[in-house]
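This report covers salt bridges and a helix pair. The sequence and structure come first.

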Amino acid sequence: ICEEKPYNLANDEMSSTGSSCELCEFAITKLDEMLQDKHNEQEIKDALNKLCDYMPMSITDECKSFVSTYTDTIIEMLTHDLTPKEVNMSIVGHRSS
(Lines give C-alpha, C1' and ligand atoms only; values in the text may rest on other atoms or scores of the structure.)
Protein backbone atom coordinates (compact mmCIF):
# COMPACT_ATOMS: atom_id res chain seq x y z
CA ILE A 1 0.00 0.00 0.00
CA CYS A 2 2.63 2.55 1.01
CA GLU A 3 4.96 2.90 -1.90
CA GLU A 4 6.98 5.77 -3.24
CA LYS A 5 4.29 6.57 -5.79
CA PRO A 6 1.21 7.92 -3.99
CA TYR A 7 -2.21 6.49 -4.70
CA ASN A 8 -4.65 8.77 -6.48
CA LEU A 9 -8.01 8.03 -4.85
CA ALA A 10 -9.92 10.17 -7.32
CA ASN A 11 -8.73 8.10 -10.28
CA ASP A 12 -8.32 4.75 -8.46
CA GLU A 13 -4.78 4.44 -9.80
CA MET A 14 -1.20 5.07 -8.82
CA SER A 15 -0.01 8.61 -9.40
CA SER A 16 3.50 9.45 -10.54
CA THR A 17 3.57 12.80 -8.74
CA GLY A 18 4.11 13.68 -5.10
CA SER A 19 6.36 12.22 -2.44
CA SER A 20 3.96 11.14 0.32
CA CYS A 21 1.76 8.09 0.30
CA GLU A 22 -1.74 9.45 -0.22
CA LEU A 23 -3.33 6.03 0.22
CA CYS A 24 -1.55 5.39 3.52
CA GLU A 25 -2.46 8.83 4.77
CA PHE A 26 -6.08 8.36 3.69
CA ALA A 27 -6.22 4.97 5.44
CA ILE A 28 -4.73 6.23 8.70
CA THR A 29 -6.84 9.41 8.64
CA LYS A 30 -9.99 7.35 8.03
CA LEU A 31 -9.00 5.04 10.88
CA ASP A 32 -8.48 8.05 13.15
CA GLU A 33 -11.98 9.33 12.27
CA MET A 34 -13.50 5.93 13.07
CA LEU A 35 -12.07 5.86 16.60
CA GLN A 36 -13.75 7.29 19.67
CA ASP A 37 -11.06 6.15 22.14
CA LYS A 38 -7.57 6.09 20.65
CA HIS A 39 -6.27 4.38 23.78
CA ASN A 40 -8.60 1.39 23.40
CA GLU A 41 -6.59 -1.30 21.60
CA GLN A 42 -9.64 -3.46 20.86
CA GLU A 43 -11.47 -0.53 19.28
CA ILE A 44 -8.43 0.16 17.08
CA LYS A 45 -8.27 -3.53 16.04
CA ASP A 46 -11.98 -3.55 15.22
CA ALA A 47 -11.66 -0.35 13.18
CA LEU A 48 -8.63 -1.73 11.33
CA ASN A 49 -10.67 -4.80 10.39
CA LYS A 50 -13.33 -2.52 8.84
CA LEU A 51 -10.88 -0.08 7.25
CA CYS A 52 -10.52 -1.89 3.92
CA ASP A 53 -14.28 -1.55 3.32
CA TYR A 54 -13.56 2.14 2.62
CA MET A 55 -10.91 1.42 -0.01
CA PRO A 56 -11.46 0.94 -3.75
CA MET A 57 -12.10 -2.71 -4.67
CA SER A 58 -8.93 -2.77 -6.76
CA ILE A 59 -6.78 -2.49 -3.63
CA THR A 60 -8.79 -4.48 -1.09
CA ASP A 61 -6.28 -7.33 -0.97
CA GLU A 62 -3.38 -4.92 -0.62
CA CYS A 63 -5.25 -3.10 2.15
CA LYS A 64 -5.86 -6.36 4.02
CA SER A 65 -2.17 -7.18 3.73
CA PHE A 66 -1.28 -3.70 5.05
CA VAL A 67 -3.64 -4.13 8.01
CA SER A 68 -2.29 -7.59 8.76
CA THR A 69 1.30 -6.38 8.63
CA TYR A 70 0.94 -3.11 10.52
CA THR A 71 -1.88 -3.68 13.07
CA ASP A 72 0.46 -3.85 16.07
CA THR A 73 2.54 -0.88 14.87
CA ILE A 74 -0.55 1.26 14.23
CA ILE A 75 -2.05 0.38 17.62
CA GLU A 76 1.20 1.26 19.36
CA MET A 77 1.48 4.61 17.60
CA LEU A 78 -2.15 5.65 18.02
CA THR A 79 -2.23 4.73 21.71
CA HIS A 80 0.82 6.95 22.14
CA ASP A 81 -1.04 9.91 20.61
CA LEU A 82 0.78 10.12 17.30
CA THR A 83 -1.10 11.99 14.61
CA PRO A 84 -2.24 10.22 11.41
CA LYS A 85 0.52 12.07 9.54
CA GLU A 86 3.16 10.86 12.03
CA VAL A 87 1.87 7.29 11.78
CA ASN A 88 1.92 7.50 7.99
CA MET A 89 5.46 8.89 7.91
CA SER A 90 6.68 6.17 10.25
CA ILE A 91 5.11 3.40 8.16
CA VAL A 92 6.38 4.85 4.87
CA GLY A 93 9.86 5.17 6.40
CA HIS A 94 9.68 1.61 7.73
CA ARG A 95 8.66 0.19 4.35
CA SER A 96 11.42 1.98 2.45
CA SER A 97 14.20 0.78 4.77
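A salt bridge is a side-chain nitrogen of Lys or Arg within 4 Å of a carboxyl oxygen of Asp or Glu. The model is predicted, so local features need pLDDT of at least 70 and side-chain atom pairs count only at pLDDT 80 or more, while totals for chains, interfaces and linings use all residues. Residues are numbered from 1 along each chain as its sequence is written, and side-chain values use heavy atoms, with hydrogens and water left out.

The structure holds two salt bridges, listed here.

| Salt bridge | N to O distance |
|---|---|
| Lysine 30 and glutamate 33 | 3.9 Å |
| Lysine 38 and aspartate 32 | 3.1 Å |

Lysine 30 and glutamate 33 are about one helical turn apart because three residues separate their positions in helix 1 (residues 22–34). Helices are DSSP runs of H or I with at least four residues, numbered from the N terminus.

Accessibility is classed by relative accessible area: buried is under 20%, exposed over 50%, and partly exposed in between (1.4 Å probe, protein chains only). Glutamate 33 is exposed at 56%, lysine 38 is partly exposed at 30%, and aspartate 32 is buried at 19%.

The axes of helix 2 (residues 41–51) and helix 3 (residues 60–79) come within 10 Å and cross at roughly 140 degrees. Axes are lines fitted to C-alpha atoms over the stretch in contact, with angles from 0 to 180 degrees between N-to-C directions. Helix 2 and helix 3 are therefore oblique to each other, the class left after roughly parallel (under 35 degrees), roughly antiparallel (over 145) and roughly perpendicular (65 to 115).

Technical notes. Helix = DSSP H or I, 4+ residues; strand = E, 2+ residues; numbered from the N terminus.
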